[in-house]
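Here are my notes for someone opening this structure for the first time. Please read them with the model in view.

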Amino acid sequence: MGQILLDGIVKSYGKEVVVKNLDLLVEPGEFLTILGPSGCGKTTTLRMIAGLEEPNQGNIKLDDKVVFSRNEGVVIPPEARNLGLIFQSYALWPHMTVEKNITLALKEQKISKDEIASRLANALNMVQLTGYAERYPSELSGGQQQRVAVARLIALRPTILLMDEPLSNLDAKLRTEMRASLKRLHRDLDATTVYVTHDQIEALTLSDRVIIMNEGQIMQEGSPYDIYHHPTNIFVAEFIGDPGINLFEGNIENGKLNCGGISIPLPSNISNNNGRLTVGVRPEKIEVSESKKSGWQEVTTGIIQPTGANTIMEVKSEDTSITVLQNGFINLSENSKLWINFDSETLSFFDPKTQENLRNKMV
Ligand SMILES: Nc1ncnc2c1ncn2[C@@H]1O[C@H](COP(=O)(O)OP(=O)(O)OP(=O)(O)O)[C@@H](O)[C@H]1O
Ligand SMILES: [Mg+2]
């Protein structure tokens, strides 16, 4: 139970096509995240699954039931699709208490009083709002209102959960805690979940599978590991990772890429037709030494940002700036000398013209 199928979905507003021929299969129990920049069509996609928006073309099936078909003229309304929803605006009823907001749908389903009370208590506990049952939404902060919306889902236990940026109003600490709660919730309910966010950490930490969307199209779909380590193109490589991936574009000369004072040794099987190449290297994959090492490149430190567990360092060679991420709290002053090394195993290679990952083509 809980399979979602989108087949050839197109959505336009006026002349603007915001979702372009989208095919997507979400397996029962899967946690799928749609990740992409603002305006790429994430919310629109979710609203079409929910039935709050009608596609211009295509079909949508939930398990064996066609809930939308342009050709067959089928449009099943949202309330008959049996979904749990949390949207960017979390839409609590303002004239109802927290308790009423959470239990309204349960009462409509004729669930027993004892069961409702136990689900309410459990849901409030999971979102850390025990003791708030009698409050009205206007007596809660934005983050607390959002947590009530999550509690409503927890209590409802639907087979499909659709969530649109459910954590966006929370502060950093609560966000991390709620992320763990959502992961636990998904495990406990075993509900198929489609989760929309532009926060890559949420996408990587929560998902079985991630879809990277840009301008209404899927750029890449894969496990969080694959998306991070094997980006299909430069857009995905830059979108995922914080601090962001370093990209060096230059000419291939004698088995090396030369780019503004940086020289990166390349594996022998890397070549590109026009002799130009873009090399991507994640900041945490660059090795650093405070003493000179043969074959390593000398650089000068720029701004150093210790974040507690890690330190983000800007280093420079001639006019090239490189971001390096090191474990631990490093207190180096600006303009110190360092030596860095690139391990060819950890590099990504892109064609600067097509922006595509060259490794994907070699296999
Ligand atoms: N009702 C509407 N009328 C006209 N254009 C719309 C409407 N709703 C959305 N759009 C446009 O469709 C595109 C996709 O919007 P959508 O809300 O799906 O983006 P999103 O990926 O959820 O972005 P965000 O991360 O900012 O929430 C945007 O360009 C937006 O301006
Ligand atoms: Mg949105």
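1. Start with Pro-243. This residue sits in the loop between helix 8 (234-239) and strand 12 (246-253). The peptide bond joining Asp-242 and Pro-243 is cis, with omega at about 0 degrees. Keep in mind that this is a predicted model.

2. Look next at two loop residues with positive phi. Glu-215 is not a glycine, yet its phi is positive, near 45 degrees. Its loop runs between strand 10 (209-214) and strand 11 (217-222). Glu-215 has 15 C-beta neighbours inside 10 Å, so it counts as partly exposed.

3. Gln-355 is the other case. Its phi is near 70 degrees, again a positive value in a residue other than glycine. The loop that holds Gln-355 lies between strand 21 (348-350) and helix 9 (359-362). Is Gln-355 buried or partly exposed? It counts as partly exposed, because it has 14 C-beta neighbours inside 10 Å.

4. Now the chain as a whole. It contains nine helices and 21 strands. Along the principal axes, the C-alpha atoms fill a box of roughly 75 × 50 × 35 Å. The chain has 363 residues, and 34% of them are buried. Among contacts with a separation of 6 or more, 63% come from residues 24 or more positions apart.

5. Helix packing comes next. Two packed helices are described by the angle between their axes and the distance between the axes. For helix 2 (98-108) and helix 3 (residues 113-126), the angle is about 135 degrees and the axes are 10 Å apart. The two helices are therefore oblique to each other. The crossing of helix 2 with helix 3 is right-handed.

6. Which residues make the contact of helix 2 with helix 3? From helix 2 come Glu-99, Ile-102, Thr-103, Leu-106 and Lys-107. They meet Ile-116, Arg-119, Leu-120 and Ala-123 in helix 3. By class, this contact holds five nonpolar residues, one polar and three charged.

7. Helix 3 also packs with helix 4 (residues 142-156). Their axes come within 8 Å and cross at roughly 140 degrees. That angle makes helix 3 oblique to helix 4. The crossing is right-handed.

8. On the helix 3 side of this second contact are Arg-119, Leu-120, Ala-123, Leu-124 and Met-126. On the helix 4 side are Ala-151, Ile-154 and Ala-155. The contact has seven nonpolar residues, one charged and no polar ones.

9. Check the length of helix 4. At 1.5 Å a residue, its 15 residues should span 21 Å. The end C-alpha atoms are 22 Å apart, which agrees.

10. How much of helix 4 is covered? Mostly: eleven of its 15 residues are buried. The buried residues include Gln-146, Arg-147, Val-148 and Leu-156.

11. The buried residues of helix 4 have several partners. They pack against strand 7 (84-86), strand 8 (160-164), helix 2, helix 3 and helix 5 (172-189). Just after helix 4, Arg-157 takes a positive phi of about 50 degrees.

Notes:
Residues numbered from 1 in each chain as written. Chains lettered and ligands numbered in written order. Predicted model: local features only at pLDDT ≥ 70, side-chain atom pairs only at ≥ 80, totals over all residues. Axes fitted to C-alpha atoms, helices over the stretch in contact; angles between N-to-C directions. Helix = DSSP H or I, 4+ residues; strand = E, 2+ residues; numbered from the N terminus. Parallel < 35°, antiparallel > 145°, perpendicular 65-115°, else oblique. Left-handed = near helix turned anticlockwise from the far one by under 90°. Contact = placed C-beta atoms within 7 Å. Nonpolar A, V, L, I, M, F, W, Y, C, P; charged D, E, K, R; others polar. Expected span 1.5 Å × (residues − 1). Buried ≥ 20, exposed ≤ 12 C-beta atoms within 10 Å, placed from the backbone.
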